[in-house]
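Subject: Structure for your files

Hello,

Here is the structure I said I would pass on.

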Amino acid sequence: MKKEVRIFCPATVANVNCGFDALGFALEGVGDEMVFQKTTQKGISITAITGADLPSDPKKNVAGVAGQSLLDAVNADFGVAIEIHKKIRPGSGIGSSSASAAGAVYGINQLLEHPVSPLALTRHAMKGEALASGNEHADNVAPCLYGGITLVSGYTPLQIVALPSLDSVFVGIIHPHIVIHTKQARALLPTQVPLKDAITQAQKLAGFVASLYEWDKALFSQSLKDVLITPHRKTLIPHYDQIESCAIHHNCIAFGISGSGPSLFALAFAKADIDQFLESSTKIFKKHQLQVDTYSSSISGQGCHII
Ligand code: HSE
């Protein structure tokens, strides 16, 4: 049985336009590292945090909360010391808190004599996610644990479907340096939606899932639309419409808010299109005195893993 483990936990894009609180995918090469060590003293201790200013009190830290939830469930007779090395900026919209929550349960699971299932891990990671966002949604933690593209097909009970993954789609992320709290972005949303919009959205999500199984590129591109959430949230992101036009201009097949933002994502079938989109959209934000981070990536088939 392992006593120490070092892992990588990927950044993730949630919602993916057509699947609010349901769809998400893992990003290749963008993510945090965490180190786990068994301790004789029970409970979680957070012994190091680099790359971000986060609480080291395990009760106030998403990794601590998620990890403790797993330790309690398995009645562990040991504790775990966790180091968190953040590369994903908190509040960026690419699953920073989820990487810590999912990473915590994945890492601790490696130290257990009888490891638990990815579905059970997702439930514990959601406890950490709730601390950060006020809501137990799984559309970031599921792809972070499973890798690839995941669908949360139910919350009560929790059901996760690992969808066919794609290696022929390229992903661009642009993170303008503004702060949007997920709680605030959720509070903006209406509690009821018109039936015609609900139908359109159901069609888009169903079309998206079908396109993956058939690998129908045209259906895939047509399905990545959102009539429910983005119209309310895009007001939080300056120059959203201009950046969207830039994505269309550079042949991107999809564009939208990553999770609750402020990061924006674009998908394209050619890496050159993503790179040109990132270059042009960076210029737009910089012209308006906004600093950005950009990532040119792809969908990773791998979730959290040992390094
Ligand atoms: N589905 C969540 C939301 C993701 O959009 O509020 C947050 O990262």
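H2 passes H3 with a right-handed crossing (right-handed if the near helix is turned clockwise from the far one by less than a right angle, left-handed if anticlockwise). Helices here are DSSP runs of H or I with at least four residues, numbered from the N terminus. H2 covers residues 96-111 and H3 residues 118-133; their axes are 8 Å apart, at an angle of about 145° (axes are lines fitted to C-alpha atoms over the stretch in contact, with angles from 0 to 180 degrees between N-to-C directions). On the H2 side the contact (heavy atoms within 4.5 Å) includes Ala-101, Val-105 and Tyr-106, and on the H3 side Leu-121, Ala-125 and Gly-128 are among the residues.

This is a predicted model, in which local features need pLDDT of at least 70, side-chain atom pairs count only at pLDDT 80 or more, and totals for chains, interfaces and linings use all residues. Residues are numbered from 1 along each chain as its sequence is written, and side-chain values use heavy atoms, with hydrogens and water left out.

The second pair is H9 (residues 240-249) and H10 (residues 271-287), whose axes come within 9 Å and cross at roughly 160°. H9 and H10 are therefore roughly antiparallel (over 145 degrees). This crossing of H9 and H10 is right-handed. Gln-242, Ile-243, Cys-246 and Ala-247 of H9 meet H10 residues including Phe-277, Ile-284 and Phe-285.

Residues lining the largest cavity include Asn-15, Phe-20, Asp-226 and Arg-233 (on a 1 Å grid over the protein atoms alone, a cavity is a set of points where a 1.4 Å probe fits but cannot get out; lining residues have an atom within 4 Å of a point).

Regards

Note on methods
Helices (H or I, at least four residues) and strands (E, at least two) are DSSP runs, numbered from the N terminus. Angles under 35 degrees count as roughly parallel, over 145 as roughly antiparallel, 65 to 115 as roughly perpendicular and the rest as oblique. On a 1 Å grid over the protein atoms alone, a cavity is a set of points where a 1.4 Å probe fits but cannot get out, and a pocket is an open set with protein on both sides within 12 Å along at least five of seven lines; lining residues have an atom within 4 Å of a point.
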